[in-house]
Amino acid sequence: MAREPLKVLTESMFYVLLSLLRQERCGTEIVQYVDDATAGRVPLGPGTLYTILAKFQEEGLIRETAVEGRKRTYAITDRGRALFRQELSRLRLCVGDGEREERAAENLLPGGREEDPS
Amino acid sequence: MKDRRRFLAPRDLWDAGTIEAWLEEKAAQGWILEKWGISARFERIDPCRCRVRLDPKDRRNRQQQAEAETLYRDMGWRWNGTLWFYDVYYCFDPTASDLYTDPETQAWAWGKLLKRALWRSGLSGLLLLLWAALQFDGLWSGHAVQLFLMGMWAIWLFVILYVVREVWEAVRTVWGIRRLKRRLAAGVPMERGDPARAVRRQRIRQIADWTAIALLAGWILVIACGREEMPLSDAPSPLPCVALEALDPEAAGPELDIARYETFDGLLIQSRRVTQFRWQPSASVQAELDRVALVSFAEALYRERVGAFLDAWPNAEVRELTDGRFDQAVVIGAGKNQLFAARLGRMVLTERAETDTDLMDHLDGFAAVLVEFQ
């Protein structure tokens, strides 16, 4: 089942927003930033990047700030920041839920009973 | 050794994965796509392993496109032309990231492609229907049965088959893109079919297309060759009608302005037509004797001929005949303009005359024509 667009961001979308949080960047810089930030874990293909940039612009999450020759620079908008924060909270909840369940699972005895704290 | 070559390419354009696989195979054999037209033209390169991706075209302006191409090139992807609604990219660097690394994002690009395909299919469908309607305008000409029997049935059948095929192709394209978009949106990467099978399918389709076109062309030739026209003086005797000389010897006396004999031999109908015409004093005979393949065709042709005359002369006097020599017969008169129509088995005789003589007086002559040509 397809997800509702932009309700939940994919890793690529998340990192594109992340790359623009502190400064404006052009396409090549975004790719470079994401590669450095994730140590190559999240590859960002050119097709993916351009589709994300076009969609984010369409949705008002980012805006173009400068065009120099073939270089186009983008900045995040307030709407983009809000979406980023919302996604970050969601991810925190996911991580929190995951960690809680993992701790609980570690406290379980092999038979499935909970360990007696005393 | 040729530096350029054409190959038969897969044509299911919505099946981008299979086309990509086929283009990669061609690159491994030493051929890179140069132009995608009626056939795919390739240029020779050193055989190499590479990745090929079809990227749904986006509505970018020239500057945005140039910028995108620069970035694509910097990341190892070379633009190599267009194919339908796709930009074609080749990547010879095995370490470069894929063009699309996120299927969900790719689904957006395919969503735009889907909208374009829907627009294009809708517009093509409308034009196709308009074209098809024009091919069938003969149905409203008042001579639909005659046109059908004289060979238009094959043209109409071709048009129907062509429209069905085009609609089917359009539906498959839209459905294929929609399915792919939904799969990508769900995070499922694009699947790839067997290129050899896709090419085989295309070959079969092409053979079927050319066969249909050859049959149609052959049929048009047969229709054209089945016609013959000559002066009435050269016509074989006896004539398949009661001629003007017999109907009205006085009127036929002076030389006629038109005296023509036409034949048509088709699969469903054999037709003989006599035209005798003079302006002043006005007198004419237009007779048609048709032998058709089935009795039901003869009945339909008879009805059509009578109906056409009544459309032209709605107040004419209609005299239905009960005569054992004909299965159906009628004489219709509107002053000097008269029509005799009769059917005997698979034969239909119609004679339209502009004369003062009553055609009722010549029933023996008409019956003799039908017996003679039976």
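This short talk covers the interface of chain B and chain A, and then one pair of helices in chain A. What we have is a predicted model, in which local features need pLDDT of at least 70 and side-chain atom pairs count only at pLDDT 80 or more, while totals for chains, interfaces and linings use all residues. Residues are numbered from 1 along each chain as its sequence is written, chains are lettered from A in the order in which they are written, and side-chain values use heavy atoms, with hydrogens and water left out.

Let me start with the interface. Chain B gives 27 residues and chain A gives 32 residues to the contact, where contact means heavy atoms within 4.5 Å. The two chains bury about 2,300 Å² between them, with 57% of it on carbon and sulfur atoms; buried area here is the accessible area (1.4 Å probe) that two parts lose on being put together, summed over both. On the chain B side, E67(B), L71(B) and W108(B) lose the most area to chain A, and together they account for 29% of what that side buries.

Turning to chain A, the axes of helix α1 (residues 11–19) and helix α2 (residues 27–37) come within 9 Å and cross at roughly 110 degrees, which makes α1(A) roughly perpendicular to α2(A), a label for angles of 65 to 115 degrees. Y15(A), V16(A), L18(A) and S19(A) in α1(A) meet I30(A), Y33(A) and V34(A) in α2(A).

Methods
Axes are lines fitted to C-alpha atoms, for helices over the stretch in contact, and angles run from 0 to 180 degrees between N-to-C directions. Helices (H or I, at least four residues) and strands (E, at least two) are DSSP runs, numbered from the N terminus. Angles under 35 degrees count as roughly parallel, over 145 as roughly antiparallel, 65 to 115 as roughly perpendicular and the rest as oblique.
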